[in-house]
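Subject: Handover of a structure for your review

Dear colleague,

Please find below the structure that I am handing over to you.

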Amino acid sequence: MGSPSNRQSTVCTVLRRHGGPEVVIAPGEPVVIIGEKINPTGKKQFAAELRRGELARVRQWTREQTSAGAGVIDVNVGTDGVDEVALLAAAVRAAMESTDLPLSIDTGNPKAMEAALAVYQGKAILNSTTGERRALEAVLPLAVRYGAAVIGLCYDEEGISPDPMRRLAVAEKIVNHAVAAGMQLDDVILDPLAVPVATDTRAAAVTIETVRLIRQHLGTNITLGVSNTSFGLPDRLAINLAMLVIAIAAGVTCPITDPTRPEVMKAVLACDLLAGRDEMATRWLGYFRRSTQGEHSGNEPQ
């Protein structure tokens, strides 16, 4: 697969909806936010709406996250009492009607994943596979058949390891299987896994070290669901923001987070500015111009 430095300089995930903007995820490029809001976990009202087949909130959150600055919209409708195969395809259609951004199809159900891919127009992200053989054998052929990128979670049949080197080994296994299946390294995005620090004091440090190891040894794009870090603790936003900044500095290129929180967008844009990924502070200044216009029009700044 070449030397780590060569991989770092060449890996580039390019996503595009038919007729939409090209979204480039790569080390050295501005951070791309994968918008996390369309997920019923911990959202009782949204889960109830999904059970009734109501998708208005999917459309609303898609529009809001697009306006706020997301680069990709994650779509997850997995909850008790729904036909996920039919519902995920319907939710993907609803999201496509509400944005021209690429989508991340988020499910552990391969049948639902394929149903959503069948109606999707463009190049999607499949969220996700793991290092488990059954998951790799189910998801990777779909990624190849539909030309999608895939997120690989760094655990396998042995579970989530507390050892960063073990997580790296799982990551390498995912990469090797993906390449053997016919995928390009560009289209493998690894997730080193954020675990709540409330239950394991070393959890965040292990995750960050895994990010560094993946960047050094594999060179792929890296995502992370940063909000998992703060479960069970007060002032979760402060913890999440700190984790987000540290993770980006370590090598995360496309975090899964909520772009509608102004604090999140400011943190991401500041990281890009300070890392030299925002020439002449264009994106930073543009964000504040838009925020000021929103204030003047009586709208909440995005």
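The protein contains 11 helices and 10 strands. Its radius of gyration is 18 Å, close to the 19 Å that the globule rule gives for 302 residues, so the protein is as compact as a globular protein of that length. Please bear in mind throughout that this is a predicted model.

Overall dimensions and packing

Taken along the principal axes, the C-alpha atoms fill a box of roughly 50 × 45 × 40 Å. Of the 302 residues, 52% are buried. The protein exposes about 13,200 Å², and carbon and sulfur atoms supply 51% of that area. As for contacts between residues at least 6 apart in sequence, 67% of them join residues at least 24 apart.

The largest pocket

The largest pocket holds about 1,400 Å³ of space. Its lining consists of 44 residues, and those closest to the centre are Asn39, Thr41, Asp106, Ser227 and Asn228. Two or more lining residues come from each of the strands β3 (34-38), β6 (125-129) and β10 (256-257), and likewise from each of the helices α5 (110-119), α6 (133-146) and α9 (236-250). Sorted by class, the lining of this largest pocket comprises 18 nonpolar, 15 polar and 11 charged residues.

The second largest pocket

The second largest pocket has a volume of about 410 Å³. It is lined by 22 residues, and Val31, Gly69, Ala70, Gly71 and Arg283 lie nearest its centre. The elements that give two or more residues to this lining are β2 (22-25), α3 (56-68), α10 (262-274) and α11 (282-296). Helix α11 gives the most, with four residues. By class, the lining of the second largest pocket has 13 nonpolar, five polar and four charged residues.

Individual residues

Thr210 lies in helix α8, which spans residues 203-217. The relative accessibility of Thr210 is 0%; this is under the 20% limit, and Thr210 therefore counts as buried. Leaving aside residues up to four places away in sequence, Thr210 touches Pro164, Arg167 and Pro192.

Leu193 is not a glycine, yet its phi is positive, at about 80°. This residue is found in the loop between β8 (188-191) and α8. Leu193 counts as buried because its relative accessibility is 10%, where the limit for a buried residue is under 20%.

Asp235 also has a positive phi without being a glycine, with a value near 50°. It is placed in the loop between β9 (221-222) and α9. Is Asp235 buried or exposed? With a relative accessible area of 56%, Asp235 is exposed, since the cut-off for that class is over 50%.

The positive phi values belong to Leu193, which is buried, and to Asp235, which is exposed.

Yours sincerely

How values were computed:
Residues are numbered from 1 along each chain as its sequence is written. This is a predicted model: local features need pLDDT of at least 70, side-chain atom pairs count only at pLDDT 80 or more; totals for chains, interfaces and linings use all residues. Side-chain values use heavy atoms; hydrogens and water are left out. On a 1 Å grid over the protein atoms alone, a cavity is a set of points where a 1.4 Å probe fits but cannot get out, and a pocket is an open set with protein on both sides within 12 Å along at least five of seven lines; lining residues have an atom within 4 Å of a point. Grid points are joined across faces, edges and corners, and a volume is the space filled by probe spheres set on the points. Ala, Val, Leu, Ile, Met, Phe, Trp, Tyr, Cys and Pro count as nonpolar, Asp, Glu, Lys and Arg as charged, and the others, Gly among them, as polar. Buried means under 20% relative accessible area, exposed over 50%, partly exposed in between (1.4 Å probe, protein chains only). Contact means heavy atoms within 4.5 Å. The radius of gyration is taken over C-alpha atoms; the globule rule is 2.2 Å times the number of residues to the power 0.38. Accessible areas come from the Shrake-Rupley method with a 1.4 Å probe; for residues, only the protein chains shown count as cover.
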